[in-house]
Amino acid sequence: MSYDRYNYQPNFKPVDHLFDDRLRQFTDGGGQFHDLNLPKFYYLEKIGIGGLKSWRVPDVDGKTARPLFKDIDFDNLEWENIGPGYSFGPSWKSFWVKLEIEIPEHWLSHEIIEIDWDSSSEALIYDHKGLPLQAFTGGERNLFRIPHKYRVTDRQTFYIEVACNGMFGNGADGHPDPNRYFRLNHADLGLPNMEARRLFWDFWILGDAAREFPGGRWEKYQAADVCTKIMDAFDPDDVKSVATGRKLAQKLLGTKVDSELVFDEFANNEIRRIDVYGIGNCHIDTAWEWPFAETKRKIVRSWTTQLRLADDYPEYVFVASQMQQFKWLKQYHPEIYSLVKEKYTTNQFLPIGGSWVENDTNLPNGESLLRQFLLGQRYQFNEFGFYSNIFWLPDTFGYSSQIPQICQLVGISRFLTQKLSWNNINQFPLSTFNWKGLDGSQVLVHMPPANTYTAGAHFGDVVRSQQQHKNLRDIPTGLLLFGHGDGGGGPTEEMIEKLRRCRGLSNTAGGLMPTVHLGNTVDDFYEEVLAKSNNGADLPTWVGEMYLEYHRGTYTTQARIKRFMRYGEVKLHDVELVTALASIKSKHYKYPAEKILALWEDLCLCQFHDVVPGSCIGMVYYDEVYPMLDELVANADKLIDEALEVLGGKSTINLDNLTFFNTLPWNRNNELLEISQTQQPELYQLISNDQVSVRDVYEKDTKLVSVSTNDEGKLKLNSIEDIKYPASVTQTSDGQFILSNELIKATISSTGIITSLYDIVNDREVIATESTKQTGDGIVGGNQYLIFDDEPLNFPAWDTELYSLNKFKLLSGGEVTVLSNNKLKSSILVKIKISDRSYLETEISIQGLLASKPDDQDFNYIKFKTFVRWHEKYKFLKVQFPTTVYTATQANYETQFGVTQRPTHWNTSWETAKFEVAHHKFMDLSEFNYGVSVINSSKYGGAIHGNLIRLSLLRSPKAPDDQADMGDHTFEYALYPHKGYLGSDTVKLGYNFNYKIEKHLFEDPASSFSKLINSIKLEAPENLILSHIKRGENDYDVNQYEAYKTQSTEKSIVLRIYESLGGATSGLLKFGPILKVAKVFKTNGLEEEGVEVEFNDKYELPISLKAFDVVTYKVVLKD
């Protein structure tokens, strides 16, 4: 063939944007041209399914019921005849639909037969025996490929469970729509033209390449040219033109895209480089815009669907986290759970993550974070035979600086997240890196560069997985997490088919298209990272917390869940301590292992990253979480009472036989107990004399008594005359009030503002009274309440924004009265009107002290007990203390097992972003020789800037729950001035302030409790904290899992100790003879025995901890 001499009809150069804009017409199922383009051939045949019957599940006690298939008598239901156009509803209700199909015989020779179901809602199809087969979503997934075993011409019955909610519930703009209905759009039996569907996928990726490849590259224009040729070759009157189009697509996609074989080819077979590892997941929020009850159905819907995908696509790998969800599946759908385990053996359905739920990491305490893994890893090992080596947490609202150490303690060295890509001020600079925590421990982190864990597996997702990688010079490889998520669902056939075509394009288009790969696991990806980075040593390092610059309101929203969380953690600490001691003392006491495990599972469930942060719809809290945690507290109290009966014994009540329930590992001095005449009449009578008690002003039938313990833990009932530094309150002639105990003196204005807090012992004023923008120009001082406008740009329950700090009102005009004036406690009551709808009352008190020396200040603080009636709209209540600590550039905030330091200035945008931060029991502002701590009992948000300490109290967002925090609240906090820098006195005070002496005084005639609770003593500098005492998980009478069964009858006690302030420290663990210690092991966080450690003949064990170290010892007792 030769070049023509003459040109008779000139050709035009295509106008790129016109030709590119045309491409969408080819696959558009709507518009004017759909029957002239590819949609005409999507189906060979399609017939409606008639004879549909529906049964609405009746409510139970006014609540939506969600019965399992096995619990329904389908033969005796009152069915309703339905068809397309029928409406299921209202919101949250359940329906079952019975459908019968007959497949035409001539269809059986075709590749695929499918049911097309669209009820505009979530649904799940079952076979006639009750086996779940696949989910429908009312949008992304309406097609069910009929498995081979059901491809018969006989009439056969299926059932569809219809849930009256979408993938994201029923709305979250204040509250779910209670009257939402879901239309049955169609129910069809279809015979698809699979070649037309494959051409659709071909064209989708080629069209994206034509639009999204950069200009100046041949691949972009060749993709556009191939698409044009496919459209030009298409003939709506000739189905064979579909095959012609597919042949044209092979020019850029290759010939292997219809199977997994496409992943065996590479653009360069010598290098065989993988740029992007594709991993399927569906990230089911355990609760959010739907309750736990619906999540249990989302799990089986989503995972059943993924099992079917794994059957159809051998290269497909799916991962699922949250062992709570696995447990639910096993409990409610064991038949699907067994299939999950089968796919695990083929590396296609992989449990991952190691934790009980994908939890929040800002708010749970250190023990809770460890228990997330103890629960998760043990359950996973029992079910699947391995521990996870990766903490899988794609979506949470910030990352505690202790996560690396806690991960390493439970055998995890890898971490995956994505949420930092949501930062709204600074862009996080890394994608693959080492994260170094407080104690120096590190984990290998990857953040998928596509900045999502719910990618649609589009062309752009693959490209962004390389283009948005922040440190390609280190490791030019990234993970792509694809699949519908949050509400579950997971990947679809379409997603896998698109990735096959993206890989085909990269095989032909060289380096312009990243090489995406399916078939490898998450472990494979991390192993490649390690192999290419000198085992991680060459990677950059991020040190300290990974602060999310977003969702800062979650430290405060839904105050009740925060209070429950703090209280629940304290309760479980106490339960495990006293039940452990009871099980040691008495052979007749049966350790309540199953009950304690259930309590921990419930508490950890409520630490899910939308539950404890307060970002769920209201029904999650009011119908599920609050009743669950109320029951948790009641059950914990019952277990404590039962154990104390074993520990205390019975006798005639008298003061010599009494002790009090101190579950902390140090003496408690100057404790004020309230003894109720109603609840403890005998004891009330014993202490009802003016020498040891005074009447409580709040309760006329309640007495206040001061108690302390000695080194043996025995009770000392303090006489009022023993109070060396008595409390008092006086009113001055100018209307001010003075609270004093001769060690500190607080001056309070007639409107309730602390204008002075003078430390008499250290000759130091604590409260600054300079007028500033933040303190106003009226009466300046401490315990100043402020109310901020709180109108974020997005996500009301989650977010509070920087600009809100400029718009606030100082609450003034408080009314003050004297509440009590006695040596044990003196107090005033401040009443402040917030608005016509809201007010607060605060008891400001000071305690009289029985101190051996002036600086023995166990309770030398000003305490605030506040009641708030709160009915505001988009307001944020805080309280502030301007201090005389002027020069500190760093403030200290308690975190899990330690302290996180944050700047007190706004020098850079990184510091500015931390205008609201999380903390636990205290935050502190200190200079070299003096400091001030604010202690709290149930609050987590706050900030310290300059010399100003602010504690966040209440928010009032209106979405997703428009009743969030509405109602009455009671909480406590304290202002504690101290000599020197932040020290162990603040740490211990934080514990004392939260671990109340709730059980008060009880009988201990033989000092059994005192001896036992003091049989484990930590003799060390006070920065070492013995934070938890419990039974060993693997003991024969504790373990609940088959995989850990033992023939041994030995018992053990597990001790958790941490260094709290940031300095390497040594100490001595001392065991009393009552324990009968056989040997001691240092273990990891999973209580696996490591090195046996030697103790001396006095049963003393030397220990050494690094800064912020967390250690676990297992003390094995003699039989």
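**Entry 1. The hairpin of β45 and β46**

I began with the hairpin of β45 and β46, where 2 residues lie between the strands and G946 takes a positive phi near 60°. The model is a predicted one, in which local features need pLDDT of at least 70, side-chain atom pairs count only at pLDDT 80 or more, and totals for chains, interfaces and linings use all residues. Residues are numbered from 1 along each chain as its sequence is written, and side-chain values use heavy atoms, with hydrogens and water left out.

Strands here are DSSP runs of E with at least two residues, helices are runs of H or I with at least four, and both are numbered from the N terminus. Two strands count as paired if DSSP finds at least two bridges between them. I found 4 bridges joining β45 (residues 941-945) to β46, and the two run antiparallel. In this pairing G942 stands opposite L951 of β46.

**Entry 2. The other partner of β46, and its sheet**

I then looked up β39 (residues 875-882), which 7 bridges join to β46 (residues 948-955), again antiparallel. Here K878 faces S952 in β46.

Which order do the strands of the open sheet follow? I read β34-β33-β39-β46-β45-β42, 6 strands with antiparallel pairing. The edges are held by β34 (808-810) and β42 (917-918); each has a single partner strand, so one side of each is left without a neighbour in the sheet.

I also checked burial, where buried means under 20% relative accessible area, exposed over 50%, and partly exposed in between (1.4 Å probe, protein chains only). In β46, 8 of the 8 residues are buried, so the strand is largely enclosed by the rest of the structure.

**Entry 3. Salt bridges**

I counted as a salt bridge a side-chain nitrogen of Lys or Arg within 4 Å of a carboxyl oxygen of Asp or Glu. How many salt bridges does the structure hold? The total is 73.

I noted R297 and E161, whose side chains meet at 2.9 Å, N to O. This pair links distant parts of the chain, with R297 in helix α5 (residues 292-312) and E161 in strand β10 (residues 156-163), 136 residues apart. Are R297 and E161 buried or exposed? Both R297 and E161 are buried.

I next examined E195 and R246, with their closest N and O atoms 3.3 Å apart. E195 belongs to helix α2 (residues 194-212) and R246 to helix α4 (residues 240-253), so the pair ties together parts that are 51 residues apart in sequence. E195 is partly exposed at 32% relative accessible area, whereas R246 is buried at 10%.

I compared D71 and K70, a salt bridge with closest N and O atoms 3.4 Å apart. D71 is exposed at 51%, and K70 is exposed at 64%.

**Entry 4. The whole chain**

I recorded 19 helices and 56 strands in the protein chain. The radius of gyration, taken over C-alpha atoms, is compared with a globule rule of 2.2 Å times the number of residues to the power 0.38. The value is 33 Å, close to the 32 Å that the rule gives for 1119 residues, so the chain is as compact as a globular protein of that length. Along its principal axes the C-alpha trace spans about 115 × 65 × 60 Å. Of the 1119 residues, 63% count as buried.
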